[in-house]
There are 2 protein chains.
Amino acid sequence: MEIGRARQLLTADQIFDLVREDLHGVEEAIGVESAASFEPATPISKCLEQNGGERLRAALLLLCARFAGGGSSRMAIQMGVVVEMLYAAALVHDDVIDVENARSGWPSASVQWANGNCVLRGDWLYLRAFRVALQESVLDRVIGVAQMMVMGELIQLNRIGLIGITEADCMQLADHKTACLFAACGKLGAMTAGADAQEGERLGEFAWNLGMAFQLIDDMLDFVSCESTPDKPAGGDLKEGRVTLPIVYALEQASVSERDLVASVLRDRSYDAVPLANVLALVDGYGGMQRTRVRARQFTDRARQIVAEFPDRLCRRALFTLTDLVTERDC
Amino acid sequence: MEIGRARQLLTADQIFDLVREDLHGVEEAIGVESAASFEPATPISKCLEQNGGERLRAALLLLCARFAGGGSSRMAIQMGVVVEMLYAAALVHDDVIDVENARSGWPSASVQWANGNCVLRGDWLYLRAFRVALQESVLDRVIGVAQMMVMGELIQLNRIGLIGITEADCMQLADHKTACLFAACGKLGAMTAGADAQEGERLGEFAWNLGMAFQLIDDMLDFVSCESTPDKPAGGDLKEGRVTLPIVYALEQASVSERDLVASVLRDRSYDAVPLANVLALVDGYGGMQRTRVRARQFTDRARQIVAEFPDRLCRRALFTLTDLVTERDC
């Protein structure tokens with residue numbers, strides 16, 4: 001009942017309002033980091049700023065800090081900077097890996113220059129994040145998370161084009177790529193509030209489940225066109241050679257000839273021979289989308305359950321609502 | 001006189017023999033790091049092993065440790081692992097930046113895969129290096145060095161194709177790309193031996209000067225074909241758009257039309273219109289190679305001077321000889 005009531009009480013804006021001031025602190029600290037950089041590094045700050053609209057990970061960390069009884073603290077803000085920089089570094093390096101431009105006829109020198117910049121700017125962001133984390137004595141944990149994220153990307157890269165992916169494979173990737181950073185947000189947030197180890201673990205587990213759901217919904221939404229991101233066409237994952245959970249579920253039921261359709265897209269890296277609409281019909285027909293959403297909701301159910309075990313306090317409703325926002329978003 | 005005598009006494013093999021046992025320790029520790037890695041990361045260890053023939057930075061660190069009075073220590077070996085991993089990480093990321101294969105007609109998916117692997121394997125090596133450095137409580141310094149190295153690569157990348165490079169620009173790059181890691185080897189080596197701060201600074205300065213010379217000689221040797229590296233054709237730097245010190249010196253004397261020849265190679269990124277032999281004649285004719293070697297020797301003279309200020313002790317001759325090996329090598 002509690003959970004149901006909480007659902008109706010807050011909007012995304014209201015949640016962000018709870019930590020708006022601290023998020024400004026995070027933006028300011030990121031700005032200071034940028035201003036202090038050398039000339040050629042200046043566009044690095046752009047990577048961070050462009051991403052300013054979201055700051056989901058910092059917000060999660062700050063909400064967990066509030067929930068664990070912490071006020072607005074310099075340390076929580078610094079931790080927010082660390083997780084956002086880590087996320088930005090991984091994104092920037094991902095731009096090299098997914099380099100679409102190399103295919104669309106750029107001059108090779110430009111591709112090389114662009115790739116080189118991606119690599120080095122990502123490195124720079126990692127190093128900044130580590131330096132801040134070192135000052136706050138949490139670097140051991142942060143390096144551990146970064147290692148998981150890099151390992152996730154490596155696993156993903158080395159599965160490109162493979163059709164024999166399992167549900168367990170997808171879960172491993174969701175954990176490495178996304179949930180482990182979410183978990184760190186929960187734990188670090190609790191830590192900045194001076195919470196005990198057990199409470200930190202619980203908030204970490206809450207955030208981990210939220211992160212798993214977030215990634216699964218991401219995989220699902222990849223098949224959906226979205227008005228707010230017209231430059232990101234639907235079906236990109238499969239076209240890039242990545243078999244995600246909705247496909248895995250569909251293939252469990254598919255006939256040999258239907259499986260061949262998917263294999264053809266993976267092989268050609270295009271929807272020329274097999275249109276996206278046919279793949280979507282297949283995935284939807286075998287409940288791939290629906291099952292993925294159900295699986296994501298199992299994770300958010302678990303996340304809500306963990307929060308419900310805590311006594312009612314500041315931000316508890318916000319944490320409940322956050323889980324809904326993750327699974328029910330359509331973009 | 002002391003310096004002259006030392007020159008004749010040791011060979012490269014004899015120098016390495018002084019720290020051979022500890023270098024084996026470094027290899028073993030790197031092996032342990034590799035064995036502990038997950039499956040997709042296994043080829044990462046290959047990056048480290050392939051580079052096994054050299055280990056110049058670890059050897060420098062171990063020699064400085066001996067010179068500063070330290071024996072064979074676990075900490076010195078761990079530091080050797082850190083500097084070699086840092087160097088390997090930078091090299092691996094450099095492979096993305098200089099990606100030649102992208103031009104020679106690989107299928108784009110393979111280039112993408114290869115680049116992605118380079119990025120992530122480099123990330124992984126950095127993270128390993130940082131983790132070991134953290135255990136040894138030297139991470140602050142190591143992150144500082146990594147930042148300098150990344151900044152050097154960024155500066156270099158953003159100067160690609162520019163002809164208006166100065167001697168000071170080249171010195172800045174040599175410092176960032178190479179000498180600052182050499183300096184760290186000197187300081188860390190001294191530290192593992194329990195040397196005081198002043199001695200650490202002096203050994204750092206020695207190693208920094210050695211590193212500057214090493215990079216300048218590298219820039220010079222780039223114009224020379226070398227039998228032991230037939231896959232690295234002469235004149236690669238200029239062809240890749242990098243104006244290095246021998247060119248800078250030559251352009252200071254060159255006529256407008258001669259300058260245009262260099263500009264043409266930079267613009268075309270090839271020696272089709274202006275053969276390498278013509279560029280070499282220009283660089284040699286205006287003493288570009290000779291002046292670069294003289295400049296490198298100024299750095300090694302300074303390095304030798306610093307060592308000469310220390311009382312004669314174990315490894316002093318080795319440090320002297322090391323400076324000669326750097327400036328007098330021809331490959």
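1. Start with chain B, where the axes of helix 8 (residues 139-157) and helix 9 (residues 167-192) come within 7 Å and cross at roughly 160 degrees. Axes here are lines fitted to C-alpha atoms, for helices over the stretch in contact, with angles running from 0 to 180 degrees between N-to-C directions. Helix 8 of chain B and helix 9 of chain B are therefore roughly antiparallel (angles under 35 degrees count as roughly parallel, over 145 as roughly antiparallel, 65 to 115 as roughly perpendicular and the rest as oblique). The crossing of these two chain B helices is left-handed, that is, the near helix is turned anticlockwise from the far one by less than a right angle.

2. A word on conventions: this is a predicted model, in which local features need pLDDT of at least 70 and side-chain atom pairs count only at pLDDT 80 or more, while totals for chains, interfaces and linings use all residues. Residues are numbered from 1 along each chain as its sequence is written, and chains are lettered from A and ligands numbered from 1 in the order in which they are written. Helices (H or I, at least four residues) and strands (E, at least two) are DSSP runs, numbered from the N terminus.

3. Contact means C-beta atoms, placed from the backbone, within 7 Å. By class, the contact of helix 8 with helix 9 in chain B has 9 nonpolar, 3 polar and 3 charged residues (Ala, Val, Leu, Ile, Met, Phe, Trp, Tyr, Cys and Pro are nonpolar, Asp, Glu, Lys and Arg charged, and the others, Gly among them, polar).

4. B:Met148 is worth a look. B:Met148 sits in helix 8 of chain B and, leaving aside neighbours within four places in sequence, is in contact with B:His176 and B:Cys180.

5. Now the second pair. Helix 15 (residues 288-308) and helix 16 (residues 316-328) of chain B pack at about 175 degrees, with their axes 9 Å apart, and are therefore roughly antiparallel to each other. Their contact includes B:Arg293, B:Ala296 and B:Arg304 from helix 15 of chain B, and B:Leu319, B:Phe320 and B:Val326 from helix 16 of chain B. By class, this contact has 6 nonpolar, 3 polar and 4 charged residues.

6. Chain A has 16 helices and 0 strands. Of its 331 residues, 50% are buried.

7. Two loop residues in chain A have positive phi. A:Ser137, with phi near 60 degrees, lies between helix 7 (108-135) and helix 8 (139-157) of chain A. A:Arg269, with phi near 55 degrees, lies between helix 13 (256-268) and helix 14 (276-285) of chain A.

8. On confidence, chain A averages a pLDDT of 86, with 84% of the residues scoring at least 70; pLDDT is the predictor's confidence in each residue, from 0 to 100. Helix 1 (residues 2-7) of chain A is lowest at a mean of 44, and helix 9 (residues 167-192) of chain A highest at 97. Where pLDDT is low, the predicted coordinates should not be read in detail. The predictor gives the complex an ipTM of 0.82 and a pTM of 0.85.

Terms used. Contact = placed C-beta atoms within 7 Å. Buried ≥ 20, exposed ≤ 12 C-beta atoms within 10 Å, placed from the backbone.
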